Amino acid sequence: MKKIVILGGGYGGVLTAKKLAKKFKNNKEIEIKLIDRNPYHTLLTELHEVAANRAPEDSIKIDLKKIFAGLKVDVVLDEVTNIDFKTKKLTSEKATYAYDYLVIGTGSKPTFFGIPGAEENTLSFWSYDDAVALKRQIRDMYTLAAKEKNAAVRRSMLTFVVVGAGFTGVELIGEMAENRDELCNEFFIDPSEVRLIVADMAPKVLPILPDKLIQKAEARLRKLNIEIVTSAKITEVGKGSVALGEKNIVDAHTVVWTAGVEGSELVGTLGDNVQQQGRKRIVTNENLESVDHKNVYVVGDNIFFIPEGETRPVPQMVENAEQAAPVIATNIAADINGTAKKAYKPGFHGTMVSIGSRYGVANVGLPGKFFMLTGFMAMLSKHFINMFYLSQVVGFNKVWTYMMHEFFHVENRKSFLGGYFSKRSPNFWIVPLRMLLGGMWLYEGIDKLKKIWEDPDKIFLIPAAPYATDAASAASVAVDAVKTTVDASSAASAVSTAKEAVVALPVPGFVYNTTNWFMDLMFYNNDGSYTFLAKWFQIGMVCAEIVFGVMLIVGLFTAISSIATIGMAVMIWSTKMASTEMLWYTAAAIATIGGSGSVFGLDYYVLPWLKKQWKKIPLVRRWYLYTD
């Protein structure tokens, strides 16, 4: 039995474990274990949304048990405190874990550069707990300031300083600026009293971006009334103040530290056991193995590796973890199977940063060819990349949840799509429309059923073939199709009367031709008469109108029923047999898709029960084909 242990449930650890589980899913001689002190994976790139109350707290957490449901990965909740590379054992306060292959993905922690008071008097911003604590701190400051009579103390309470103008700091201060107006309205505070500052020792914000995008970012920050302090030598952080240079002492009850990171606490304790560079990152070879221990691999922020042709080590960013994970999984499998290993040759696709919920800047593309994006397009690329990552981790389930809290369940128009998709109304307002729509389809179905009952062989839902030999019969069919009751003296006059009575919706030529081709294949004989399939298709359509009509009335599987009626309307339209009335049917069906059966309908009882049963199916859990 080969034992593979992954330390850390961050981006790199989770993806490595999933890749390994896929490679060894049928190998009973391989044991995969992931150890983390938290029962959840945190979306670190979304911390600012929780801190500034744009997204709910649980939106950035993913249960590790859910991630690995149905996979060959044993999730262990523990905090490893020591690694013995000689005996190949990990130890914690309560257990010891042996390994044959170890993947270190413990991430990083804030570094304070030895600045006096920085660690003791600032709020760090590098974990789920940090985001929740900052959210409460911000709200507490507004609450207390609303009651404070002393002007100086009140000003200090309403001053928020973010130290670090990299991606994390800029995203955070941008979200805080958007949240400012909401909190000011709630606590009756003049927004001009609130002071937001982002400060950095570097000469400019977001220094790894092109100058053009930096200028755009700075313009956006100033538009949000955020003070930018660069080239600031931060000498000390006191209780309630921060020195942004010798002569710029800012009184602030809230100072957030986002100025840099270093290796995790565990990596920091490894000492001479592993070679480290660049703020406690583990030096690896091209296979992402520690240069000191060939059975120890490193993923994510812990990697210190300079790719061939580069002068700087790989960056501490999510895409580095995403690209490193499959390489590590491949190399562990290669070592076990005795095949050649793969070298790590990352090709990064750029970076992006949001400044509030509706604006961002991005420098993205393919290696060697990047494009600068701002505003809507930058935010679109950010959300697309986030959803792509989530599709790898928890598939449909988390992508759906992400879309809900980013696009559809967003209050105060805090979405890059504005408020157009986020307005929610009570579903009971749609109940009358749902029942009316169902009643109309049921009425149409019963009316047609009477005709079928009288003469099952009479076809009236499918137009006659253009080349039908019986012209009089063809005209009769046309009259029935548009539901005229004219007693025609001749086929020609009947058709003319039918055309005057009902105006059919126009159909593009290519759609009509495609429909005719299909009907000619399925429903017409060579002489223009109907095939046996035409009869049964007509019976099926009539039964469908009745069934879906009833389902809409009682509110059972309402979304499916609404979509099905749209499909029937499209089929009728494509044959040039749809009157303008069909537009009403279609519009009403679109309106009733979204949950109209969950109020005063059977969906209220049936869907929750079905969801529970659905989630029990192994394939569904394996591919996360459900919503919470």
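User: Where is the place of glutamate 148 among the secondary-structure elements?

Analyst: The structure is a predicted model, in which local features need pLDDT of at least 70, side-chain atom pairs count only at pLDDT 80 or more, and totals for chains, interfaces and linings use all residues. Residues are numbered from 1 along each chain as its sequence is written, and side-chain values use heavy atoms, with hydrogens and water left out. Helices (H or I, at least four residues) and strands (E, at least two) are DSSP runs numbered from the N terminus. On that numbering, glutamate 148 falls in the loop between α5 (128-145) and α6 (151-157).

User: Is glutamate 148 buried or exposed, or does it count as something in between?

Analyst: Buried means under 20% relative accessible area and exposed over 50%, with partly exposed in between (1.4 Å probe, protein chains only). Because its relative accessibility is 25%, glutamate 148 counts as partly exposed.

User: With which residues is glutamate 148 in contact, leaving aside neighbours within four places in sequence?

Analyst: A contact requires heavy atoms within 4.5 Å. With neighbours within four places left out, the residues touching glutamate 148 are Val153, Arg154 and Met157.

User: What is the pLDDT over residues 481-500?

Analyst: pLDDT is the predictor's confidence in each residue, from 0 to 100. The chain has a mean of 91, with 94% of its residues at 70 or more. Residues 481-500 have 18 contacts beyond near neighbours in sequence, yet their pLDDT is below 50.

User: How many residues apart in sequence are the parts tied together by glutamate 186 and arginine 139?

Analyst: These two residues form a salt bridge whose closest N and O atoms are 2.3 Å apart. Glutamate 186 is partly exposed at 39% relative accessible area, and arginine 139 is partly exposed at 36%. Glutamate 186 belongs to helix α7 (residues 167-187) and arginine 139 to helix α5, so the separation of the parts in sequence is 47 residues.

User: What separates lysine 448 and glutamate 444 in helix α13?

Analyst: Their side chains meet in a salt bridge with an N to O distance of 3.2 Å. Lysine 448 and glutamate 444 are both buried. Because they are four residues apart in helix α13 (residues 431-454), the separation is about one helical turn.

User: How many residues does the largest nonpolar core have?

Analyst: A nonpolar core is a set of buried Ala, Val, Leu, Ile, Met, Phe, Trp, Tyr and Cys residues joined through side-chain atoms within 4.5 Å. Phe68 is among those with the most contacts inside the largest core; its partners beyond four places in sequence include Val14, Leu34 and Tyr624. A second, separate core has 25 residues, including Phe460 and Met551. The largest core has 116 residues.

User: Which helices each supply at least two residues of the nonpolar patch?

Analyst: The nonpolar surface patch includes Phe396, Trp400 and Trp623, and Trp623 lies in helix α21. The helices supplying at least two residues each are α12 (395-408) and α21 (618-623).

How values were computed. Patches are made of residues with over 30% relative accessible area and no salt bridge: like charges are joined within 9 Å, nonpolar side chains (Val, Leu, Ile, Met, Phe, Trp, Tyr) within 5 Å. Accessible areas come from the Shrake-Rupley method with a 1.4 Å probe; for residues, only the protein chains shown count as cover. A salt bridge is a side-chain nitrogen of Lys or Arg within 4 Å of a carboxyl oxygen of Asp or Glu.
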